[in-house]
Amino acid sequence: MESGATVTDTYLHRPVLLAEAIDALNITPAGIYVDATFGRGGHAQVILQQLGPHGALLGIDKDPQAVAAARQMFEGEPRFSIERGTFAMLGQYVQERGWMGKVNGVLLDLGVSSPQLDDPQRGFSFRQDGPLDMRMDPATGISAAQWLASAPEQEIASVLYTYGEERYARRIVRAIVAARQEAPIITTGRLAAIVAAANPAWERDKHPATRSFQAIRIFINHELEDMQACLPQVVEALAPGGRLAVISFHSLEDRIVKRFIREQVRGDDFPPGLPVTQAQLRPRLRAVGKAMYAGTEELQANPRARSAVLRVAEKV
Ligand SMILES: C[S@@+](CC[C@H](N)C(=O)[O-])C[C@H]1O[C@@H](n2cnc3c(N)ncnc32)[C@H](O)[C@@H]1O
């Protein structure tokens with residue numbers, strides 16, 4: 001049992017773009033697959049169903065509650081193993097299993113899970129009050145409350161602007177700094193109220209603290225850095241013909257995935273003007289289809305799918 005993890009899980013996660021992601025992985029029964037964002041195993045379960053007795057699935061998640069759920073769900077399942085850690089270490093986990101260059105598919109379903117968002121105790125929610133934590137792995141790094149207590153004004157503004165694309169970052173940060181001088185900001189409810197009061201632009205159907213919370217969460221969990229570290233390791237891990245499928249939930253993530261696939265499709269960089277052939281460029285990936293979005297039926301059933309984008313590529 002992972003420390004800090006509960007056995008009973010009252011918060012459910014509904015997998016996003018499930019059929020599309022499974023289809024994208026092009027599963028062969030004896031293949032090797034990695035679900036690098038296990039969550040509550042919505043995708044993993046279907047991958048396992050499609051694997052034969054000689055197939056294998058590795059799950060990865062940095063959240064101890066997700067890992068505990070995985071152990072419970074697949075107890076005694078010899079084809080499944082789970083790593084508690086960041087997918088920025090995917091290469092090491094794959095190497096340890098002797099799978100380098102042999103993996104047939106890797107799925108990244110990025111961002112937070114519904115159990116993380118819905119449990120106020122995890123500190124991600126601006127709708128329900130709870131301790132201001134926001135760590136996917138509460139045993140690593142510092143909480144959002146600790147960071148906000150001491151970070152320089154300029155640093156907080158830069159986080160809100162860069163990771164939240166928050167136009168009113170400066171105003172909001174001035175309010176945060178004034179508030180923390182009165183008392184430490186240690187609850188999600190207080191932070192949401194401070195941001196809402198300072199934000200002059202209330203968008204329809206969007207809580208005024210949405211962008212700020214997203215930004216702080218991305219920063220605290222170094223989400224974009226982990227992605228950037230992971231993607232090249234996926235390319236190394238894949239067997240020729242192996243698939244990479246990535247579901248992202250906001251434009252910053254999607255931009256990184258799109259650029260990465262484009263660069264890998266193009267291959268090595270040569271100075272402009274050099275007469276190089278396509279083969280000399282050594283492309284490493286081939287893009288498979290176009291970006292995919294949730295259909296009307298899924299959107300009605302699961303509002304979280306609203307911003308989901310699936311991109312797929314295949315190792316050359
Ligand atoms: C959107 S959920 C995945 C849901 C899953 N596909 C399902 O259907 O149940 C994202 C999960 O990835 C995990 N995660 C996010 N970033 C991670 C990282 N850098 N390393 C490992 N796990 C990560 C989160 O803890 C969360 O459980």
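The model is predicted: local features need pLDDT of at least 70, side-chain atom pairs count only at pLDDT 80 or more, and totals for chains, interfaces and linings use all residues. Numbering runs from 1 along each chain as its sequence is written, and side-chain values use heavy atoms, with hydrogens and water left out.

Start with the whole chain. The protein has 13 helices and eight strands; these are DSSP runs, with helices H or I of at least four residues and strands E of at least two, numbered from the N terminus. The radius of gyration is 21 Å, close to the 20 Å that the globule rule gives for 316 residues, so the protein is as compact as a globular protein of that length. That radius is taken over C-alpha atoms, and the rule is 2.2 Å times the number of residues to the power 0.38. The C-alpha trace spans about 60 × 60 × 40 Å along its principal axes.

Of the 316 residues, 53% are buried, meaning under 20% relative accessible area with a 1.4 Å probe and protein chains only. Contacts are heavy atoms within 4.5 Å. Among those with a separation of 6 or more, 69% join residues 24 or more positions apart.

Now the open space. A pocket is an open set of points on a 1 Å grid over the protein atoms alone, where a 1.4 Å probe fits, with protein on both sides within 12 Å along at least five of seven lines; lining residues have an atom within 4 Å of a point. Points are joined across faces, edges and corners, and volume is the space filled by probe spheres set on them.

The largest pocket holds about 1,100 Å³. Its lining has 33 residues, and Leu117, Phe126, Thr210, Arg306 and Ser307 lie nearest the centre. Helices α5 (114-118), α10 (210-220) and α12 (251-266) each give two or more residues. The largest share, five residues, is from α10. Domain 1 (18-114 + 223-315) and domain 2 (138-220) each contribute at least three residues; the bounds come from an automatic or database domain assignment. By class, the lining has 10 nonpolar, 12 polar and 11 charged residues. Nonpolar covers Ala, Val, Leu, Ile, Met, Phe, Trp, Tyr, Cys and Pro; charged covers Asp, Glu, Lys and Arg; the others, Gly among them, are polar.

The second largest pocket has a volume of about 220 Å³. Helices α7 (153-164), α11 (223-237) and α12 each supply at least two lining residues. Here α12 gives the largest share, six residues. The lining includes Thr162, Tyr163, Leu224, Arg255 and Phe260. It divides into six nonpolar, two polar and three charged residues.

Terms used
Buried < 20%, exposed > 50% of the residue type's maximum accessible area, 1.4 Å probe, protein only.
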